[in-house]
Amino acid sequence: MQPRFAPFPAARPRRLRQAPWVRDLVRETVLTPADLIWPMFVIDGVNGEEPIPSMPGVSRLTVDRIVEQARRAADLGIPCVALFPYTDPAKKTPGAEEAWNPDNLVNTATRAIKQAVPNMGVLLDVALDPYNSDGHDGIVRDGVILNDETLAALEKQAIAQAEAGCDIQGPSDMMDGRVGVIRAAMEARGFQDVMIMSYAVKYASAYYGPFRDAVGASGALKGDKKTYQMDPANTDEALREAAMDLEEGADMIMVKPGMPYLDVCRRVKDAFGAPTYAYQVSGEYAMIEGAIRAGWLDGDKVVLETLMAFKRAGCDGILTYHAARAAELLAIK
Ligand code: PBG
């Protein structure tokens, strides 16, 4: 049935915008703190904080301080945090063995959060880049990123993370077949309820620069990630990637970066109807925060407008470094 609309003046779209109560009544999309996942960076030590220059307002935190922030997240109604490590360069190796150390930074922080704030969801990346002396997400030999050898390492990493209590594995490495390997490993070891949020559609993006500073991978990285991360020009390929990951057992899928790829979010959501998330990445945060700090944008307004855009594009949730600020704003509204 074709909807029919009266012409002006019978139809006056401004009627529905005339007052806050009617704007509230006709609003199509809602943003709540429950839509947010808050990424954090973990460092060694006690009661310590290290500001990240390319992400103003974001610091690397010691485990005790991470637990404090997880409590704050719970108080704000944020359901899940994502943890990333700043690994001591001395612990980085070509085999990235630190990735499956049961006592590495993210596993230690996960155990601490699960003990102190049991109802907080914990999402951990499955990828080797914070642990790899080559700075790549996979194992490198003669300049080539090896797919199947990397799968064996990712499997060990995912098992250690499940044993530490992580709720959601976030394979962010873009190796082919990794979701199937992680899902099988979880099933085989009694971790059948551990979820997988696959970074199914991850582009080779310049917007990850500040994150690589935050985890200390920028210096190590040789070359670029274009042989495994996607070409920003492609969207049919995004659907193939998402389809493969869902078939291999992903429970949720992610598109990354976020705002420059809202068209991809919409296509993926429409094609599969699966729980779909976007990662508003470090470079997006840096751009927005930079403009706010320069006084060029109204921070409170732009943060909420930006996050709402993801919901409008079909996302069920957003990973954002603005999670706490947004949740605080939503609590006041
Ligand atoms: C690592 C990983 C990256 C991000 C999340 N996991 C960077 C990369 O692939 O180089 C980026 C997050 C951000 O920029 O905020 N596999």
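**Note on the ligand site and the cysteines**

1. Of the 17 residues around the ligand, those that come nearest are Lys202, Arg212, Lys256, Ser282 and Tyr321, where a residue is counted if one of its heavy atoms lies within 4 Å of the molecule. This is a predicted model, in which local features need pLDDT of at least 70 and side-chain atom pairs count only at pLDDT 80 or more, while totals for chains, interfaces and linings use all residues. Residues are numbered from 1 along each chain as its sequence is written, and side-chain values use heavy atoms, with hydrogens and water left out.

2. The shell around the ligand is made up of seven nonpolar, three polar and seven charged residues, with Asp, Glu, Lys and Arg taken as charged, Ala, Val, Leu, Ile, Met, Phe, Trp, Tyr, Cys and Pro as nonpolar, and the others, Gly among them, as polar.

3. A polar side-chain atom of Asp137 lies 2.8 Å from a nitrogen atom of the ligand, and an N or O atom in the side chain of Asp129 is 3.3 Å from a ligand nitrogen atom; for Gln229, a side-chain N or O atom is 2.9 Å from an oxygen atom of the ligand. Each is a polar contact, that is, a pair of N or O atoms within 3.5 Å.

4. The count of disulfides (pairs of cysteine sulfur atoms within 2.5 Å) comes to zero. Cys166 is in no disulfide, the nearest cysteine sulfur, that of Cys80, being 9.4 Å away; likewise, Cys265 is in no disulfide, and the nearest cysteine sulfur, that of Cys315, is 3.6 Å away.

Terms used:
Polar contact = N/O pair within 3.5 Å; in protein donor to acceptor, adjacent residues only side chain to side chain.
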